[in-house]
Amino acid sequence: MSTLEQVRIEVPLIDVNAQNDAILEELEHAASAVIRSGRYILGTEVAALEKEIAELVGVKHAIGVSSGTDALLVALMAIGIGPGDEVICPDFTFFATAGCVARLGATPVFADVCPVCFNLDAEKAAAKISSRTKAIIPVHLFGQSADMASIQSLAEEHDLKVIEDAAQALGAEYRGKPCGTIGDIGTYSFFPTKNLGGLGDGGMLVTDDDDLAHEARLLRNHGMEPKYQYQRLGGNFRLDEIQAALLRVKLRHLRDYETRRAANASYYHEALSMLPGVSIASEADCCCPLITEKAGDAAEGVGLVLPVAYAHNKHVWNQFTLRVTGGGRDRLKTFLAERRIASEIYYPVPLRRQPCFEEPGAITAGEAENADVLANEVLSLPVYPELADDQREAVVEAIRSFLL
Ligand SMILES: *Cc1c(COP(=O)(O)O)cnc(C)c1O
């Protein structure tokens, strides 16, 4: 290794080993206890994790499931979504949000998102409502809440169920209320890159509604009640005992992870906003109402627009996603990669343009929405809790040299 390579700091997008090594004994102890117990499916660990998550977010019911995707699927099944139904989803989100709708034979109807907060624009969603619309799925993308007041009132007006896809937003809040607990059902993911990252797949569904909770519990276990009698067409959507035990260990550290993510985001805001061509996303352009700050002038050429965290939201920074305007996004990504700094494009293609959803003729050429602009401009920087000072400094240094 040359001297140059030795001094170069490597910055991954996330470092699960750094996180888990720090609590290795706790994790091993928890896993070992489950192994010795001989009880691997729907035992005390899953029940305890459900209770802890319910307490954390303040809901009556939490139901552990096999993944964040299955949490969405079970939620949609519990509210009875099926063929002929339409469900409004943001065009710019992870695939699972809409994939689950389509898997049930229903139609995901894509609504455009806000270029500032990245979330579903309630006005655009309103324009997509038809007599077949049964539900709406706001996603709290990157760890910041969607504009839930507007979405809830839209849902009330049109009698829609609201499923919050809070896969990236466990611990986040909207006006003091935990994300996932505002609509009819909320879903979380414990995929290793999420804020509460498991050592494998896992998810959770939360609700205050006794009937929906009962349905969800049935559905995650084949719809069985009592034993070997099947009330519903459910499936095996169960969370493993061993995963629940490991997640309970990690849950004890969630606040600490959250604090460190927020500190990294503040650091980026402070350090990057001083560079030429860098601005913070203009709140005045956001879909969220009641935000009045004046818009700044758009920078010319390649510029960075940093994400905005609203005072009325608690942002949990699952991703620190900025926009690279002026067509420089891919160049910046390559420039960082050459300096051993990882970054990622969440997400490069709006869902309505995905081959599996594309209806022939449904897309007119040249039709561009905010989702298309974001798909071309977004870049997520490493913001994980274990990011060291010299690593985040290296990220800022590299961006500085890119912009100069
Ligand atoms: C991660 C994620 C999911 C799916 O969760 P899995 O646990 O990976 O199945 C769903 N929606 C969003 C927005 C996500 O980020």
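In what follows, Ala, Val, Leu, Ile, Met, Phe, Trp, Tyr, Cys and Pro count as nonpolar, Asp, Glu, Lys and Arg as charged, and the others, Gly among them, as polar. With that rule, the shell of residues around the ligand divides into 5 nonpolar, 8 polar and 2 charged. Bear in mind that this is a predicted model, where local features need pLDDT of at least 70 and side-chain atom pairs count only at pLDDT 80 or more, while totals for chains, interfaces and linings use all residues. Residues are numbered from 1 along each chain as its sequence is written, and side-chain values use heavy atoms, with hydrogens and water left out.

Let's stay with the ligand for a moment. A residue is near it if one of its heavy atoms lies within 4 Å. Of the 15 residues around the ligand, Thr69, Asp165, Gln168, Ser189 and Lys194 come nearest. Gly68 uses a polar backbone atom, 2.8 Å from an oxygen atom of the ligand. Thr69 places a polar side-chain atom 2.5 Å from a ligand oxygen atom, and Asp165 has a polar side-chain atom 2.8 Å from a ligand nitrogen atom. On its own the ligand exposes 380 Å², and the protein buries 93% of that (areas come from the Shrake-Rupley method with a 1.4 Å probe; for residues, only the protein chains shown count as cover). Helix H5 (68–78) and helix H6 (96–103) are the elements that give two or more residues to the shell. Helices (H or I, at least four residues) and strands (E, at least two) are DSSP runs, numbered from the N terminus.

All 5 of the 5 residues of E8 (residues 185–189) are buried, so the strand is largely enclosed by the rest of the structure. Buried means under 20% relative accessible area, exposed over 50%, and partly exposed in between (1.4 Å probe, protein chains only). Ile185, Thr187 and Ser189 point one way from E8, Gly186 and Tyr188 the other way.

What does E8 pair with? Two strands pair if DSSP finds at least two bridges between them. Strand E5 (residues 161–165) joins E8 in the parallel sense over 3 bridges, with Ile163 opposite Ile185. Strand E9 (residues 203–207) pairs with E8 in the antiparallel sense over 4 bridges, and there Val206 is the bridge partner of Gly186.

Now for the charges. Side chains of opposite charge can pair when their charged atoms come close. A salt bridge here is a side-chain nitrogen of Lys or Arg within 4 Å of a carboxyl oxygen of Asp or Glu, and by this rule the count comes to 24. In one of them, Lys124 meets Asp112, with the closest N and O atoms 3.6 Å apart. That pair links distant parts of the chain, 12 residues apart: Lys124 sits in helix H7 (residues 122–126) and Asp112 in the loop between strand E3 (107–111) and H7. Lys124 is partly exposed at 34%, whereas Asp112 is buried at 4%.

Arg400 and Glu397 form another salt bridge, at 3.1 Å between the closest N and O atoms. Both lie in helix H14 (residues 389–403), 3 residues apart, about one turn of the helix. Finally, salt bridges that share partners join Asp91, Arg352, Arg353 and Asp372 into one network.

Methods
A polar contact is a pair of N or O atoms within 3.5 Å; within protein, one must be able to donate a hydrogen and the other to accept it, and residues adjacent in sequence count only if both atoms are side-chain atoms.
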